[in-house]
Amino acid sequence: MSAPAGPTTGVPGSAQLPPLRWWQIPQLVELERRLFPGDSPWSAEMFWSELAAGHHYVVHHLGGDPAAPIDGYAGLAGQPDEAEVQTIGVHPDSQGRGLGRALLADLLRQAGDRRVLLEVRTDNEPAIRLYESVGFVRIGLRRNYYRPSGADAYTMHRPAR
Ligand SMILES: CC(C)(COP(=O)(O)OP(=O)(O)OC[C@H]1O[C@@H](n2cnc3c(N)ncnc32)[C@H](O)[C@@H]1OP(=O)(O)O)[C@@H](O)C(=O)NCCC(=O)NCCS
């Protein structure tokens with residue numbers, strides 16, 4: 001996807017994020033390639049599987065305009081007793097304006113009182129800070145977790161409430 005033109009405006013409250021629709025999957029694949037170039041970005045098939053499994057996915061459109069390109073997305077998988085952040089991404093031109101926080105807030109609202117788990121690259125300072133700011137703590141280290149980069153991951157969780 002080409003870079004969205006202009007700044008993101010109207011970063012939403014988490015109640016306002018629309019669900020991912022199947023026809024938007026190609027946009028997410030492009031964003032994944034851009035955001036995770038060395039770490040096996042998700043394919044269309046993987047997003048299809050997520051939707052087929054009924055996992056919770058939300059998107060944000062540039063400027064809050066439903067006709068504009070998607071500039072943020074996030075997904076949560078869930079079991080009865082715990083949930084897992086599957087992915088969260090914000091287009092580089094829209095980062096640093098509160099959108100990542102809004103996407104994560106939506107996932108946490110969906111998770112409710114359940115424990116929430118995630119993996120994050122140990123060198124991904126922006127994401128780690130975001131997660132810690134909403135109560136996630138590091139509980140483990142997974143070496144060579146990401147492919148093909150071989151980067152390590154922290155496992156983090158937000159305890160059940
Ligand atoms: C991680 C990511 C989703 C954050 O999205 P964002 O819209 O830029 O984040 P926000 O503007 O909502 O910022 C939320 C918090 O993240 C942290 N943060 C964001 N950018 C940061 C940076 N460059 N350095 C340090 N902390 C940063 C801060 O704690 C920030 O809170 P603050 O603004 O109150 O200081 C975004 O950087 C991204 O898409 N990165 C690439 C994909 C990725 O790594 N996803 C996570 C995989 S586990």
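Around the ligand stand 20 residues, of which Gly 96, Gly 98, Gly 100, Arg 101 and Asn 124 come nearest; a residue counts as near when one of its heavy atoms lies within 4 Å of the molecule. The model is predicted, so local features need pLDDT of at least 70 and side-chain atom pairs count only at pLDDT 80 or more, whereas totals for chains, interfaces and linings use all residues. Residues are numbered from 1 along each chain as its sequence is written, and side-chain values use heavy atoms, with hydrogens and water left out.

**The ligand shell**

The residues of the shell divide into 10 nonpolar, six polar and four charged. In this grouping Ala, Val, Leu, Ile, Met, Phe, Trp, Tyr, Cys and Pro are nonpolar, Asp, Glu, Lys and Arg are charged, and the others, Gly among them, are polar. At least two shell residues each come from β3 (82-90), α3 (99-111), β4 (115-121) and α4 (125-133). The largest contribution, five residues, is that of α4. Helices (H or I, at least four residues) and strands (E, at least two) are DSSP runs numbered from the N terminus.

| Residue | Protein atom | Distance to a ligand oxygen atom |
|---|---|---|
| Val 90 | polar backbone atom | 2.8 Å |
| Arg 97 | backbone N or O atom | 3.1 Å |
| Arg 101 | polar side-chain atom | 2.8 Å |

Taken alone, the ligand exposes 920 Å², and the protein buries 72% of that; these areas come from the Shrake-Rupley method with a 1.4 Å probe. The space that the ligand takes is the largest pocket. A pocket is an open set of points on a 1 Å grid over the protein atoms alone, where a 1.4 Å probe fits, with protein on both sides within 12 Å along at least five of seven lines. A molecule sits in a pocket if more than half of its atoms lie within 2 Å of its grid points.

**Backbone features in the loops**

The loop between β5 (137-142) and β6 (153-158) holds Pro 148, and the peptide bond from Arg 147 to Pro 148 is cis, with omega near 0°. Asn 144 has its place in the loop between β5 and β6 and, although not a glycine, has a positive phi of about 55°. Asn 144 counts as partly exposed because its relative accessibility is 41%, the class between buried (under 20%) and exposed (over 50%), with a 1.4 Å probe and protein chains only.

Ser 40, in the loop between α1 (25-35) and α2 (44-52), is a residue other than glycine with a positive phi, near 45°. Ser 40 is at 40% relative accessibility and therefore counts as partly exposed.

Key:
Polar contact = N/O pair within 3.5 Å; in protein donor to acceptor, adjacent residues only side chain to side chain. 1 Å grid on protein atoms, 1.4 Å probe; cavity = no way out; pocket = protein on both sides within 12 Å on 5 of 7 lines; lining within 4 Å.
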